[in-house]
Amino acid sequence: MLIAFSVAPSGAPSDPERAGAAIESADGSVHDAVAAAVAVVRASGLPHRTTSMFTEVEGEWDEVFAVVKSATEAVLPFGSRVSLVLKADIRPGRTGEIDGKIERLERALGAGEPDAS
């Protein structure tokens with residue numbers, strides 16, 4: 001299973017000292033809360049990739065959703081509520097898709113390009 005998820009706080013933290021920072025910086029960024037979630041993903045040991053909008057994680061159903069739950073819980077102190085967006089690609093019997101999908105895309109893109117030599 002391959003999932004892409006995004007988690008972000010909103011509202012005032014119930015315990016600002018526990019959150020360690022305001023929910024948003026002066027520029028509206030929630031990077032401290034996102035960093036708390038990404039730290040959970042990285043500690044999981046599962047294949048993962050973080051981009052500017054989502055974090056992808058690959059693994060079995062139970063382990064992937066346990067990471068999403070823990071990452072969401074890591075964001076809770078930063079606001080009075082948390083928004084979670086999740087997309088899943090469920091393909092039983094397939095592994096390595098976090099890189100495989102990108103490799104197939106790059107091959108397809110390269111197949112249409114003329115030889116530069």
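## Overall organisation

Among contacts in the chain (heavy atoms within 4.5 Å) between residues at least 6 apart in sequence, 70% join residues at least 24 apart. The structure is a predicted model, in which local features need pLDDT of at least 70 and side-chain atom pairs count only at pLDDT 80 or more, while totals for chains, interfaces and linings use all residues. Residues are numbered from 1 along each chain as its sequence is written, and side-chain values use heavy atoms, with hydrogens and water left out.

The chain contains four helices and four strands, where helices (H or I, at least four residues) and strands (E, at least two) are DSSP runs numbered from the N terminus. Along the sequence, these elements follow the pattern β-α-α-β-β-α-β-α.

## Surface and burial

The chain has an accessible surface of about 7,500 Å², and 54% of this belongs to carbon and sulfur atoms. Accessible areas come from the Shrake-Rupley method with a 1.4 Å probe; for residues, only the protein chains shown count as cover. Of the 117 residues in the chain, 27% are buried. Buried means under 20% relative accessible area, exposed means over 50%, and partly exposed lies in between (1.4 Å probe, protein chains only).

## Packing of helices α2 and α3

Helix α2 (residues 31-44) packs with helix α3 (residues 61-75) at an angle of about 150°, and their axes are 8 Å apart. This angle makes α2 roughly antiparallel to α3. Axes are lines fitted to C-alpha atoms, for helices over the stretch in contact, and angles run from 0 to 180 degrees between N-to-C directions; those under 35 degrees count as roughly parallel, over 145 as roughly antiparallel, 65 to 115 as roughly perpendicular and the rest as oblique.

From α2, the contact involves Ala33, Ala36, Ala37, Val40, Val41 and Ser44, and from α3 it involves Val67, Ser70, Ala71, Ala74 and Val75. By class, the contact of α2 with α3 comprises nine nonpolar, two polar and no charged residues. Here Ala, Val, Leu, Ile, Met, Phe, Trp, Tyr, Cys and Pro count as nonpolar, Asp, Glu, Lys and Arg as charged, and the others, Gly among them, as polar.

## Individual residues

Thr72 is located in helix α3 and is buried, with a relative accessible area of 17%. Not counting residues up to four places away in sequence, Thr72 touches Val7, Val82 and Leu84. Thr72 and Val40 are separated by 32 residues in sequence and, C-alpha to C-alpha, by 9.3 Å in space.

Ala8, in strand β1 (residues 2-10), is partly exposed at a relative accessible area of 24%. Apart from neighbours within four places in sequence, Ala8 is in contact with Val30, Val75, Arg81, Val82 and Ser83. Gly45, in the loop between α2 and β2 (48-50), is exposed, with a relative accessible area of 62%. Gly45 and Gly59 lie 14 residues apart in sequence and 9.9 Å apart in space, C-alpha to C-alpha.
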